[in-house]
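Subject: Structure handover

Hello,

Please look it over before reading on.

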Amino acid sequence: MPSSGGNPEPTKKRFEDLDLSGPMLKALRLAGYEYPTEIQAGLIPLAFEDEDVVGQARTGTGKTASFVIPILEQLYPHREKPGPQALILVPTRELAVQVSTEVVKLSTGQRVHCVALYGGKPIRGQIEKLRRGAEIIVGTPGRVLDHLSRGTLKLDDVWCVVLDEADRMLDIGFRPDIEKILRRCPSDRQTLLLSATVPPPIQKLAERYMCEPKFLNFSPKDLSVDTI
Ligand code: AMP
């Protein structure tokens, strides 16, 4: 783990052991996911326990489903939380599209709305989708901040924030935008951070904006759980 290409390596655990709902198990079967990958088996139970987690994992490990599954499983009914409940920040529009495709795939059979917010697309269409309501937002930091300053996006109901490919977001220079966005999210939220590498700037971000995060390492060299 992780695999160098193709499908990620499965574990001996089964999705049935992870306390998932019937509709989710069905969506996983339809997606062709038979067994959870290492990061899914490691992160999903911690996410259910409301822990903040730093997961060191590259693309190809099944990292996307590791945060999408617990988010989908814990969504509140619309009448209880009418605003977006989960905010997934990603470095690029390509990844925003990929992550929202995974949300759609794993929410098969459920009424879940996901909006992708990224630049290079007219903002009007995104505003209209936000107006109609969405439980899950996937976006690049610049465009998310743009919507926040226009008042077209509200984060008061957000209970989970994901920083996906956090090292790439910092490399691109998104740190100030990420910090502004995190400061606009409820402080009692859960924060999940995924990153291929965890250099000091990522550790600092985790120390500053996460609550006693558990550290899961799925990089090729070692597998471990720790508290940083
Ligand atoms: P990711 O690392 O999230 O980019 O996922 C890499 C690829 O693995 C994607 O094509 C996913 O659809 C696929 N995938 C994710 N989880 C599983 C699983 N448990 N079993 C088989 N394929 C999976």
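**Helix packing and ligand contacts**

Helix α3 (residues 63-73) packs against helix α4 (residues 93-106) with the axes 10 Å apart and at an angle of about 50 degrees. The two are therefore oblique to each other. Their crossing is right-handed. On the α3 side the contact is made by T64, A65, F67, V68, I69 and L72, which meet V99, E102, V103 and L106 of α4. By class, this contact has 8 nonpolar, 1 polar and 1 charged residues. Please note that this is a predicted model.

The second pair is α6 (residues 141-150) and α8 (residues 175-184), whose axes come within 9 Å and cross at roughly 45 degrees. That angle makes α6 oblique to α8. The crossing of α6 and α8 is left-handed. P141, G142, V144, L145 and L148 in α6 meet D177, I178, K180, I181 and R184 in α8. Here the classes are 6 nonpolar, 1 polar and 3 charged residues.

On to the ligand. There are 14 residues around the ligand, and Y33, Q40, G60, G62 and T64 come nearest.

- Y35: a polar backbone atom is 2.8 Å from a nitrogen atom of the ligand.
- Q40: a polar side-chain atom lies 2.8 Å from a nitrogen atom of the ligand.
- T64: an N or O atom in the side chain is 2.6 Å from an oxygen atom of the ligand.

Regards

Terms used:
Residues numbered from 1 in each chain as written. Predicted model: local features only at pLDDT ≥ 70, side-chain atom pairs only at ≥ 80, totals over all residues. Heavy atoms only, no water. Axes fitted to C-alpha atoms, helices over the stretch in contact; angles between N-to-C directions. Helix = DSSP H or I, 4+ residues; strand = E, 2+ residues; numbered from the N terminus. Parallel < 35°, antiparallel > 145°, perpendicular 65-115°, else oblique. Left-handed = near helix turned anticlockwise from the far one by under 90°. Contact = heavy atoms within 4.5 Å. Nonpolar A, V, L, I, M, F, W, Y, C, P; charged D, E, K, R; others polar. Near = heavy atom within 4 Å. Polar contact = N/O pair within 3.5 Å; in protein donor to acceptor, adjacent residues only side chain to side chain.
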